[in-house]
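Thanks for coming. I will take a few minutes to walk through one model, starting with the whole chain and ending with single residues.

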Amino acid sequence: MAFYQPRSHHDISLWKGVSDADWENPDWQRRHTITAASPDKARYAVDDISQIITLSGYKREAIENTIVKRLERGQQVLRITPYYASLMDQDPFGLEDRIDPIFLQAVPMPADLLFSRAGIKQAMAEQDRSKGAAYQRYLDRVVLFLTNTAACENYCQHCQRRRSLHAGVPVTKENIDEGIDYIMSNKNIKEAILSGGEPLAVKERLLYAMGQLSQIDHVERLRIGTRMPVTLPMGVTDELLEHIKHAAGNKMTYFVTHTNHMHEVTDTYAAAADRIRNHGFDLLNQLVLLKGVNDDFATFAKTHTEMWRANVNPYYAFICHKERGLAHFITPVPQAKLLLDGCRGMFGGTAIPRLAMNAESGAGKVWLMPKGPSDIDPAEAIKTDLESWDGTIIKDYEHLGRATREEFDEAERVMEAFIGRPDVFKPSLLIEKDGELTGEVTNLDLTPLSFEERARRLGYTEPLITNPAE
Ligand code: SF4
């Protein structure tokens with residue numbers, strides 16, 4: 001059975017004359033990536049986007065305005081590979097109750113400028129636990145940043161490192177060497193996680209770092225965190241994988257990618273996953289739960305079963321980080337638990353991820369696995385007691401952003417005008433008044449789906465029997 005079929009580039013006016021060979025060529029894809037490096041380039045980028053999807057004049061202006069404002073704030077805003085752009089629906093605003101999920105992840109929109117007080121800057125606090133390019137949050141594993149987000153093939157609008165690792169923060173060769181020296185000096189460290197930015201986009205650095213790390217006796221495993229199988233799968237070439245295998249020496253090496261929606265699971269993606277596995281590497285996935293993208297049961301469940309079918313094993317589903325500018329993406333914890341609980345038994349456990357969040361300030365992973373329906377507590381949307389992996393207790397943690405009623409209503413008005421209709425933009429925020437929480441959480445829907453309804457949404461067509469002998 002085929003995976004999601006994106007539009008053919010021959011049907012997209014911007015690329016209709018492009019040969020199949022060029023389209024499949026990662027270098028052609030890179031040369032034709034849609035980007036706006038400075039405010040004066042924003043208009044041309046929006047012109048290109050409007051040759052891929054249907055955009056009214058109002059939407060074009062709103063997108064351009066968002067790009068310009070964010071660029072002026074020093075943020076990296078826009079980079080979309082032609083391949084990833086082709087996953088967008090021709091009319092991203094024509095879906096019944098939501099905006100196209102690839103559009104939401106790839107294209108800046110006025111929501112990015114809303115709720116400016118919600119969230120915190122550099123929530124990951126990665127700068128505080130660093131030794132050169134090495135960042136250590138756990139005893140036995142260390143992240144080694146090989147580059148910043150300037151090397152990403154695609155900019156993800158929900159990127160948790162949009163501030164901490166942006167293009168203005170260089171990662172130098174000296175930083176990498178200092179990080180490797182640190183890993184060498186600490187025998188607790190068994191695993192190095194090669195990350196960025198996009199480590200596969202800086203091949204020479206990646207191979208250099210892997211070569212160095214493969215010489216360190218106490219390092220047993222190398223992990224490569226990459227979004228390239230999702231945003232530029234044709235870039236995951238046999239040649240690159242051969243080099244990686246060689247550089248890894250005798251160290252067990254595996255890949256973790258970042259797939260968020262079943263429309264990202266295409267034949268091209270599955271072929272990249274096959275190439276990774278054919279070279280002897282495992283491939284896991286970390287999904288980020290994003291409001292409006294994958295926070296409904298059918299999308300969440302099918303994204304995982306499709307990935308699993310493509311030989312990508314679900315590993316984590318993360319609550320979106322409370323980074324400033326991302327408040328509209330955060331899914332409330334009880335809603336996330338309900339999603340996970342709904343998957344139990346409906347398909348094999350190897351296709352079900354662990355639910356977790358990274359509390360800010362580098363507290364590390366907190367597991368949020370539901371114990372059953374009785375564990376779905378609406379109060380957890382407001383404040384949650386968290387226990388981190390090392391026993392750190394965080395009392396009354398607020399994972400959602402705050403807004404006043406006036407701010408929230410104004411945000412709804414802005415997005416209603418942008419989308420062209422109400423009831424599509426449904427962020428969850430905590431409403432505050434005079435600095436105090438009122439107890440209201442916007443758009444919190446904790447209605448459980450029946451077993452039959454979940455089966456229907458998963459596409460079961462035969463009678464729902466589990467023991468034909470009875
Ligand atoms: S590929 Fe990763 S680091 Fe780069 S923008 Fe996307 S989420 Fe951020």
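**Overall fold**

The protein has 15 helices and 17 strands, where helices (H or I, at least four residues) and strands (E, at least two) are DSSP runs, numbered from the N terminus. This is a predicted model: local features need pLDDT of at least 70, side-chain atom pairs count only at pLDDT 80 or more, and totals for chains, interfaces and linings use all residues. Residues are numbered from 1 along each chain as its sequence is written.

On size, a compact globule of 470 residues would have a radius of gyration near 23 Å, and the protein agrees with that at 22 Å. The radius is taken over C-alpha atoms, and the globule rule is 2.2 Å times the number of residues to the power 0.38. The C-alpha trace spans about 60 × 55 × 55 Å along its principal axes.

How many of the residues count as buried? The share is 46% of the 470 residues. Buried means that 20 or more other C-beta atoms lie within 10 Å of the residue's own, exposed means 12 or fewer, and partly exposed is in between, with C-beta atoms placed from the backbone. As for contacts, two residues are in contact if their C-beta atoms, placed from the backbone, lie within 7 Å. Among contacts between residues at least 6 apart in sequence, 78% join residues at least 24 apart.

**Two domains**

The domain assignment gives domain 1 (9–113) and domain 2 (126–402); such bounds come from an automatic or database domain assignment. The centres of the two domains, taken over C-alpha atoms, are separated by 25 Å. At the interface, 24 residues of domain 1 are in contact with 26 residues of domain 2.

Which elements of domain 1 give two or more residues to the side that touches domain 2? They are helix 2 (26–31), strand 2 (79–80), helix 5 (82–85) and helix 6 (101–106). Helix 6 supplies the largest share of that side, five residues. By class, the side of domain 1 that touches domain 2 has 14 nonpolar, six polar and four charged residues. Here Ala, Val, Leu, Ile, Met, Phe, Trp, Tyr, Cys and Pro count as nonpolar, Asp, Glu, Lys and Arg as charged, and the others, Gly among them, as polar.

**Covered and uncovered elements**

Helix 13 (residues 333–343) is mostly covered, with ten of its eleven residues buried. Those buried residues pack against strand 9 (282–289), helix 12 (297–309), strand 10 (313–319), strand 11 (354–359), strand 13 (384–387) and helix 15 (451–458). Just after helix 13, Gly-345 takes a positive phi of about 80°.

Strand 14 is hardly covered: the count of buried residues among its five is zero. Strand 14 runs antiparallel to strand 13, and three bridges join them; strands pair if DSSP finds at least two bridges between them. Within this pair, Glu-387 stands opposite Ile-393 in strand 14. The hairpin has five residues between the strands, and Gly-391 there takes a positive phi near 90°.

**Single residues**

Most residues other than glycine have a negative phi, and most peptide bonds are trans. Asp-396 has a positive phi, near 50°, and is found in strand 14 (residues 393–397). Asp-396 is exposed, with 9 other C-beta atoms within 10 Å. Asn-311 also has a positive phi without being a glycine, at about 70°. Asn-311 is found in the loop between helix 12 and strand 10 and is partly exposed, with 13 other C-beta atoms within 10 Å.

Where is the cis peptide bond? It joins Gly-196 and Gly-197, with omega about 20°. Gly-197 is found in the loop between strand 6 (191–195) and helix 8 (203–213).

Helix 8 also holds Met-210, which is buried, with 26 other C-beta atoms within 10 Å. Not counting residues up to four places away in sequence, Met-210 touches Leu-194, Leu-222, Ile-244, Ala-247 and Ala-248.

That is the tour; I will take questions.
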